[in-house]
Amino acid sequence: MPDVLFSDVEADASSSPGAMFLVHFKSRDLTRLHRLGQFWHIFFSHGGVVISQDEVDTWTTHMPIGLDTDISTLDPVQTVYSVLGGCLDPFPIKIDQILVTSSWRPNICIVDKYASPKGRVFLSGDAAHQNIPTGGYGMNTALADSFDIGWKVGAVLAGYGGPALLQSYETERRLVAERNIEYSGVHWTVHTTVWEWSAGGAIVSQAEDGKQLRARIADFLQQHDGENKSLGIELGYRYTGSPVIVTDDGEEPVWAKSHYVPSTWPGARAPHVFLKDGKTSIFDLFGTGREYSLVDFTHDGTYIRRFEQAVKSLNIPVKTIHLPDEEHARLIWERDAVLIRPDDHVAWRAKLGSTEKDVDSLDVENVLLVSVGQRESHHTRGDIDAKRVASLPEEKAFTGTVGNVDQEKVEKLAAFQK
């Protein structure tokens, strides 16, 4: 039995003062559905959304509704027509089958603790945080949570993972979740802004006011197009500040939400690169399960020799990968040697321009013990807080919180920032 049931854990949350009605359906009426061309998502100015799930016959629409709307009174077929019609008249199509109907609320929330006080229960995914689907960060964040705590629990059960490894779970993953849920809110407000501007109906007018509004919306969407382009959010997150990451002496690369620059900065996702045969991914060489991977680009395998003895004495599973002839990969990876965790994030890397003296003086045992959580890397609370602040949007998308309550009973407690 767990030592605590999280009865005292609150979800710090915000919500939209409305809901969405979802209709999941089958249709092969591509002539009408593709009237404006093939698509993945279409966001309409009246708030409706249509999503192509497989580009064949499966689709989903979303339509804004009030919180008090009884969805049993809504006709899903007519709802689809209304969504597809946008601000104009309903646009009928041939629907073969209604698969699912439901309502959902755009919420963002995060628990105040990811683990019970004694570290015997951990939360991940939607149990720990929720975000709005805008940006598509939900499943990615949840899966990375589960993988992170999964391999760490496995390492502890195997006997070589130390207490800091489990403690690092919240330190690493909370920062990612905070940023992702906040940016999902930022992307959501882009759509709600367009809905508000279009509410008067001028968007369909061919008069001057309609032309000006359409131009204004087009410019606004071009300036706020991060929902499908913010690769820095999706791929560029780093676990800088983690107690199980060995710090680098250099200056951390600047993080940007709009683009992803591969780096072996400790805590970052190891860069993907194909080897010179043009077929083999460097990721294919990594260890599996709970294995760490030491990639050594030196000609004589200097770092492998230094690590092998310590690995045996400490009983830590490390797969060694010697790539002396992979000059392109070495250029991308920036260092002569890099230690990769089971989750493909960098735990340590060699000094830039390492000399023979640097290799000989390297405290390999400390690198390994920190990486598996038997020792802690030295990061101050201020360092971690600074990373947290730097990673969040300048202006949060939502204000107010609803706390530890049944969210289905909360009405209009959040306000959008203009």
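Predicted model: local features only at pLDDT ≥ 70, side-chain atom pairs only at ≥ 80, totals over all residues.

Trainee: What percentage of the residues is buried?

Mentor: Buried means under 20% relative accessible area, exposed means over 50%, and partly exposed lies in between, with a 1.4 Å probe and protein chains only. Of the 418 residues in the protein, 48% are buried. As for contacts (heavy atoms within 4.5 Å), residues 24 or more positions apart account for 72% of those with a separation of 6 or more.

Trainee: How should I read the length of H4?

Mentor: H4 has 36 residues and reaches 54 Å from its first C-alpha to its last, close to the expected 52 Å. A bend at a residue is the angle between axes fitted to the seven residues ending there and the seven starting there. For H4, the bend is about 25° at Arg173.

Trainee: Is H4 enclosed or open?

Mentor: H4 is largely enclosed by the rest of the structure, because 29 of its 36 residues are buried. Helix H10 (residues 364–371) is mostly covered too, with 6 of its 8 residues buried. Those residues are Val364, Val367, Leu368, Leu369, Val370 and Ser371. The buried residues of H10 pack against H4, E9, helix H7 (302–314), strand E10 (318–322), E11 and E12.

Trainee: How many salt bridges does a search of the whole structure find?

Mentor: A salt bridge is a side-chain nitrogen of Lys or Arg within 4 Å of a carboxyl oxygen of Asp or Glu. The search finds 19 of them. In one, the side chains of Arg341 and Glu172 meet at 2.7 Å, N to O.

Trainee: Why does that pair tie together parts that are apart in sequence?

Mentor: Arg341 lies in the loop between strand E11 (337–340) and strand E12 (346–349), and Glu172 in helix H4 (residues 163–198), so the pair joins parts 169 residues apart in sequence. Both Arg341 and Glu172 are buried. A network of salt bridges links Asp148, Lys152, Glu172, Arg341 and Asp343.

Trainee: Which salt bridge does Asp300 form?

Mentor: Asp300 pairs with Arg305, the closest N and O atoms being 4.0 Å apart. Asp300 is partly exposed at 47%, and Arg305 is partly exposed at 48%. Lys229 and Asp225 form another salt bridge, with closest N and O atoms 3.0 Å apart; Asp225 is partly exposed at 31%.

Trainee: Is Phe286 buried or exposed?

Mentor: Phe286 counts as buried, at 5% relative accessibility. Phe286 sits in the loop between helix H6 (231–235) and strand E9 (292–296). Beyond its neighbours within four places in sequence, its contacts include Ala270, Val295, Ile321 and Trp333.

Trainee: Where is a positive phi found in a residue that is not a glycine?

Mentor: Glu55 has one, at about 60°. Glu55 lies in the loop between E4 and E5 and is partly exposed at 47% relative accessibility. Asn315 also has a positive phi, near 60°; Asn315 is in the loop between H7 and E10 and counts as exposed at 60%.

Trainee: What is the volume of the largest pocket?

Mentor: On a 1 Å grid over the protein atoms alone, where a 1.4 Å probe fits, a pocket is an open set of points with protein on both sides within 12 Å along at least five of seven lines; lining residues have an atom within 4 Å of a point. Grid points are joined across faces, edges and corners, and a volume is the space filled by probe spheres set on the points. The largest pocket has a volume of about 920 Å³. Its lining has 33 residues, of which Asn131, Ile132, Pro133, Thr134 and Gly136 lie nearest the centre. Elements giving two or more residues to this lining include strand E5 (58–65), helix H3 (138–158) and H4.

Technical notes
Residues numbered from 1 in each chain as written. Heavy atoms only, no water. Helix = DSSP H or I, 4+ residues; strand = E, 2+ residues; numbered from the N terminus. Expected span 1.5 Å × (residues − 1).
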